[in-house]
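Dear colleague,

Please find below the sequence and structure that I am handing over to you. A summary of what was found follows directly after.

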Amino acid sequence: MTPRETLAALAKPFPADAVSWRVGSVSNKDDGSKTGMALAFIDARDVMQRLDEVMGADWQCEYVAMPHGTCCCRIGLLIEGQWRWRSNGAGATDV
């Protein structure tokens, strides 16, 4: 599989029934009502299954300690003999 084909396979949308929703931050409006931000997410097992299907054994993850006892998961993909790492996470300000 070429790198372009690999990235296209990884980017393929997940089925709608794999997407879950939760309310994120909530704001108070001037009229006393509240609004919440809808956040879509998928289960980590679905991500791992996709990585297994597309990458085989050529992926790994590691957990990096963050402030206040939180952690960030980094994912590495072996593409054309070179590890490419990505992460996204936020540390809590009050624990």
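**Pockets, helix contact and backbone**

In this predicted model, strand E4 gives the largest share of the lining of the largest pocket, namely 4 residues. The other elements that each supply at least two residues to that lining are helix H1 (3–11), helix H2 (44–55) and strand E5 (82–87), with E4 itself spanning 71–79.

The space in the largest pocket comes to about 390 Å³. Its lining comprises 14 residues, of which Leu10, Leu51, Ile75, Leu77 and Arg86 are the closest to the centre of the pocket. Sorted by class, the lining of the largest pocket holds 9 nonpolar, 2 polar and 3 charged residues.

The second largest pocket contains about 180 Å³ of space. Its lining is made up of Ala44, Val47, Met48, Leu51, Trp59, Cys61, Tyr63, Cys73 and Ile75. Two or more of these residues come from each of H2, strand E3 (59–65) and E4, and H2 provides the largest share, 4 residues. By class, the lining of the second largest pocket consists of 9 nonpolar residues, with no polar and no charged ones. Leu51 and Ile75 are among the residues lining the second largest pocket, and both also belong to the group closest to the centre of the largest pocket.

The crossing in which H1 passes H2 is right-handed. On the H1 side, the contact involves Thr6, Ala9, Leu10 and Ala11, which meet Arg50, Leu51, Val54 and Met55 of H2. The residues of this contact divide into 6 nonpolar, 1 polar and 1 charged. Leu10 and Leu51 take part in the contact and are also among the residues closest to the centre of the largest pocket.

Two loop residues may be of interest when you inspect the backbone. Histidine 68, in the loop between E3 and E4, has a phi near 65°, a positive value in a residue other than glycine. Glutamate 80, in the loop between E4 and E5, likewise has a positive phi, near 50°, and is not glycine.

With kind regards

Key. Residues numbered from 1 in each chain as written. Predicted model: local features only at pLDDT ≥ 70, side-chain atom pairs only at ≥ 80, totals over all residues. Heavy atoms only, no water. 1 Å grid on protein atoms, 1.4 Å probe; cavity = no way out; pocket = protein on both sides within 12 Å on 5 of 7 lines; lining within 4 Å. Points joined across faces, edges and corners; volume = space filled by probe spheres on them. Nonpolar A, V, L, I, M, F, W, Y, C, P; charged D, E, K, R; others polar. Left-handed = near helix turned anticlockwise from the far one by under 90°. Contact = heavy atoms within 4.5 Å.
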